[in-house]
Amino acid sequence: MGYAMKKPLSLLTFLMAYADDLTIITGRVRNSQTVLNSTGEWLHWTKTMKAKPSKCRVLAAKYFTSNDEKLRLEPHSKQPFSTFDPLLSIDAKQISAIGPLSLELEDKFKFLGRFFRYDQKDGPQELLVHDSFLNRLKAVDQDLVNGLMKAWLFQFWIIPSLAWPFQVYDFPLAFAKSLDELSNRFLKAWLGIYKNADVGLLYRSRASHGLGFTKPSLLLKQSQIIKLHLVKHSQEGEEGNLRKLYWNRLAREMKFKRRWKPGPTLEAAEAKLSFEIKFAGQTDRKGLGFNRYIQNMSASASRKRISLGLAFDHDRKAELHSMSLSQQGGWTKWRENVHPLDLKWKDLIFLKNTRIFSHHLNASISCLPSPNRLRLWGYIPSSKCPLCEDLKCTQMHIFSSCKTALLQGRYSWRHDSVLKCLEPVLVKYIKAHNDSKLPKPKLNLIKFVKKGSRCSSTTQPPSKHLLSPARDWQCQIDYKDDSIVFPPVICVTSLRPDIVIWSISTKVAILIELTCPSEENILQAKARKSERYLPLLNQIQSNGWTASLFLIEAGVRGCLSFSFAQCLRNIGLPSPKVRDVCKSVQTVVSRCSYIIFQTHKQAKWSRQQLFILQ
Ligand SMILES: [Zn+2]
């Protein structure tokens, strides 16, 4: 509901109405009174509405040039530009002015979610927002739910509470950074992360091996930029008054060279976006220029892109910082070889044992309490391995390079547990495939379409994969305690790849070799295994068979190499199933590594049952 008044040309008003709220802005006090009088008149005329002077507030400000003026209007401060009480009234009742004497009243005056102060300072609001943020963190901290649930509450209850104040107040970045420090402290405690860990782990995107929490300082930047973008491209106000406000503000902010200001950042972000749209590169396998060129991007779409761009830059900065850290930034060297862990909130908040997740997080930044780390932190005098007495017992040593652990079968237990996780999936899939019918070969004839008629939709042929041509596939899996002989029908060898799938009718053999190295050594493991199995491949081929070798790696931290999912897809498992299998394997490896780490001080390792995911 809105009203527009006929106004004399001499009166320049800015009128905004929303539901039963009316805002009147004029350049002079007497004009305001005129508008208020007219407003009172038409409210009477309606006979259904009435002004409520006790709920009205007035805020007036001007430059005081002479002492006479100061004596007459009583400015609220000693500054030349100050607020004052213009003594306006409606329905013959005075309207209270927002000033220092009415602090209590003024604190209660909130317009569109923003408190107004006579000195236009946001400092007191900073305190309010800070206290409310801290109180929420403390309330969550005292709750009895587990750490991951607390982290979920942070992301979906505490962070959203900042969104509106960050948009309506011009808080400085330093204030948001003080909130960052509070968030870091609580999140690290809830997630069980080493207290001096690089905070990038908390805020990097999940693709960059982070947890993807929203950083208050990034939220402030995004909110301020979105607000300015709205003002810059606003069609409201007479003769683009709002847009002029933006340009004035930008001119003022351009003078700040070292301090972060939203105006110059928005200009840079818009220039970058415009470049990206004009010179959009192709990064995927779709047709050249497919869906890339956007002629007229809507303002809301451009705001979204700018906001995402800001988050992307933030991610890159956090990554660059990680690269400068010799210990904690180790993940930047192996991230290219593995898929990040599949983390979804719906899985995380229902995790029964949050310690394993904390273990994974600390392992990803190499901050687990290994003897080497404990010696560096000053807790123990020596970094000797309790098992093999190696002088430098690092996290990687415990996970994958301890000779005694290898001889005792700790690593093969983890390796075989992964095979045990794959076995039921492969056996079930191969049985279902063998039971299905072979499709009849179809002639690929060209279908002509008459002029003016439409091509009838054709059903998609089933996708082809390595198992498509035959229905007599057999599969065998080699465990340490239940070893197999390589099928003599293919060839005679002493080598035993972990999984062999073969079809006698088509003379095709698929060999899958699984390794569980530390993520740093995935490429070396691939090269080593490839060297070992290449002669076998040649031998199989010389017997008239076709052979494919897949080297798949499950890293000790739970990150799988890209070839893992690719191998499963190549043998025809549908993508959702591949995702499920990869997730189960990640969980199995993480848990086994957790047990291997926790037992690294125990000299004895009794034969364990293979770990089976419930
Ligand atoms: Zn050792």
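I will go through the metal site, then a sheet, then some aromatic rings and a few single residues.

Two ground rules. This is a predicted model, where local features need pLDDT of at least 70, side-chain atom pairs count only at pLDDT 80 or more, and totals for chains, interfaces and linings use all residues. Residues are numbered from 1 along each chain as its sequence is written, and side-chain values use heavy atoms, with hydrogens and water left out.

Start with the zinc ion. Which residues coordinate the zinc ion? They are Cys385, Cys388 and Cys402 through SG, and His397 through NE2, at 2.1 to 2.3 Å. Donors here are N, O and S atoms within 2.8 Å of the metal, or 3.2 Å for Na, K and Ca; water is not among the atoms, so sites may look incomplete. Along the sequence, the donor residues follow the spacing C-x2-C-x8-H-x4-C.

The angles among the 4 donor atoms run from 101 to 115 degrees, and the site is tetrahedral. Four donors get that label if all angles lie between 85 and 135 degrees.

Histidine 397 has a relative accessible area of 7%, so it counts as buried. Cysteine 388 has 24%, so it is partly exposed.

Stay in that region for a moment. Proline 381 sits in the loop between α16 (371-376) and α17 (395-401). Proline 381 is exposed because its relative accessibility is 82%.

Helices (H or I, at least four residues) and strands (E, at least two) are DSSP runs, numbered from the N terminus. Two strands pair if DSSP finds at least two bridges between them. Here 4 strands make an open sheet, ordered β11-β12-β13-β14, with mixed pairing. At the edges are β11 (473-477) and β14 (546-553), each pairing on one side only. On average, neighbouring strands are turned by 15 degrees against each other, direction ignored. The axes behind such angles are lines fitted to C-alpha atoms, for helices over the stretch in contact, and angles run from 0 to 180 degrees between N-to-C directions.

Two helices go with this sheet. Helix α20 (residues 522-542) packs on it and touches β13 and β14; its direction makes about 165 degrees with that of β14. Contact means heavy atoms within 4.5 Å. Helix α21 (residues 562-570) lies across β13 and β14, at about 145 degrees to β14.

Next, the pairings of β13. Strands β12 (residues 499-503) and β13 (residues 508-515) run antiparallel, joined by 5 bridges. Valine 500 faces leucine 511, and serine 503 faces valine 508. The hairpin of these strands has 4 residues between them, and lysine 507 there takes a positive phi near 55 degrees. On the other pairing, β13 and β14 run parallel, with 8 bridges. Glutamate 513 has leucine 551 of β14 as its bridge partner.

How many residues of β13 are buried? The count is 8 of its 8. Val508, Ile510, Ile512 and Leu514 point one way, while Ala509, Leu511, Glu513 and Thr515 point the other. In a regular strand the side chains alternate between the two faces of the sheet.

On to the rings. The structure holds 14 aromatic pairs. Rings of Phe, Tyr and Trp (its six-membered ring) pair if their centres lie within 6.5 Å; planes under 30 degrees apart are stacked, over 60 edge-to-face, and the rest tilted. One of the pairs is phenylalanine 64 with phenylalanine 84: edge-to-face, 5.8 Å centre to centre, 85 degrees between the planes. Phenylalanine 64 is in the loop between β4 (60-63) and α2 (67-73), and phenylalanine 84 is in strand β5 (residues 81-84), 20 residues apart. Both are buried. Elsewhere, Trp152, Phe154, Phe156, Phe213 and Trp345 form one aromatic cluster.

Last stop: valine 231, in helix α9 (residues 216-232). Leaving aside neighbours within four places in sequence, valine 231 contacts Leu242, Arg243 and Tyr246. Its C-alpha atom is separated from that of arginine 243 by 6.0 Å.

That's the tour. Thanks.

Definitions and conventions. Four donors count as tetrahedral if all angles lie between 85 and 135 degrees; four count as square planar and six as octahedral if opposite donors are over 155 degrees apart and all others between 65 and 115; anything else is irregular. Buried means under 20% relative accessible area, exposed over 50%, partly exposed in between (1.4 Å probe, protein chains only).
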